[in-house]
Amino acid sequence: MNGKSRLQQRQEEAEEVKDIMLNNLNKVDERAVKLGDLESRADELLEKSKAFEKKSNQVKETQRWKNKKTKIALIAAGVVVLLVILGSGHLCYCDIAHSCMDPR
């Protein structure tokens, strides 16, 4: 009997080890699925970040051109105003005979 109970004890231990190993294999499978999902989300995030970078560079370039156009327009307006101010000192009033008189 003692020999049989040892055999039975070893079979029970083997059954426990088998259950533990099956449990571990199930956990490995679950982790593999989760890692696959994580990898997919990481790839998607990478693609979105690349698209965001491209779009932000386009917006930056568009904004740079708008700023340049605004600066050019302001400089041109300033030059026109300056020319008007400088030119007004040399203006004269003309009468009907087109003879100019100094406005001072």
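I began with Lys 18, which is partly exposed at a relative accessible area of 43%. I note at once that the model I am reading is a predicted one.

**Entry on Lys 18 and its partner.** I looked up what Lys 18 pairs with and found a salt bridge to Glu 15, in which the closest N and O atoms are 3.3 Å apart. Glu 15 is also partly exposed, with 39% of relative accessible area, and because the two residues are three positions apart in helix 1, about one helical turn separates Glu 15 from Lys 18.

**Entry on the other bridges.**

The next bridge joins Lys 48 to Glu 44, the closest N and O atoms being 3.2 Å apart. Here the spacing is four residues in helix 1, and I again read about one helical turn between Lys 48 and Glu 44. Is Lys 48 buried or exposed? Lys 48 counts as exposed, since its relative accessibility is 53% and the cut-off for exposed is over 50%. Glu 44, at 46%, is partly exposed. As background, I keep in mind that side chains of opposite charge can pair when their charged atoms come close.

**Entry on the aromatic side.** I searched for aromatic pairs and found zero in the structure. I did find a charge over a ring: Lys 68 lies over the face of Trp 65, at 5.0 Å from the ring centre.

**Entry on the nonpolar surface.** Which residues form a nonpolar patch on the surface? The patch is made of Ile 75, Val 79 and Leu 83, and together they have about 300 Å² of accessible area. I checked Leu 83 separately: it belongs to helix 1, which runs over residues 2-88, and it is exposed, with a relative accessible area of 57%.

**Entry on the whole chain.** I then turned to the overall layout, where I count one helix and two strands, arranged as α-β-β when read along the sequence. The chain has 104 residues, and buried residues make up 0% of them; a residue has to be under 20% relative accessible area to be called buried. The accessible surface of the chain is about 10000 Å², and carbon and sulfur atoms account for 62% of that surface.

**Entry on confidence.** The mean pLDDT of the chain is 88, and 82% of the residues score at least 70. Where in the chain is confidence lowest, and where is it highest? The lowest mean, 57, is found in strand 2 (residues 100-101), whereas helix 1 has the highest, at 95.

Terms used: Residues numbered from 1 in each chain as written. Predicted model: local features only at pLDDT ≥ 70, side-chain atom pairs only at ≥ 80, totals over all residues. Heavy atoms only, no water. Phe/Tyr/Trp six-rings, centres within 6.5 Å; stacked < 30°, edge-to-face > 60°. Lys NZ or Arg CZ within 6 Å of the ring centre and 35° of its normal. Patch = residues over 30% accessible without salt bridge, like charges linked within 9 Å, V, L, I, M, F, W, Y side chains within 5 Å. Areas by Shrake-Rupley, 256 points an atom, 1.4 Å probe, with all protein chains shown as cover. Salt bridge = Lys/Arg side-chain N within 4 Å of Asp/Glu carboxyl O. Buried < 20%, exposed > 50% of the residue type's maximum accessible area, 1.4 Å probe, protein only. pLDDT = per-residue confidence, 0-100.
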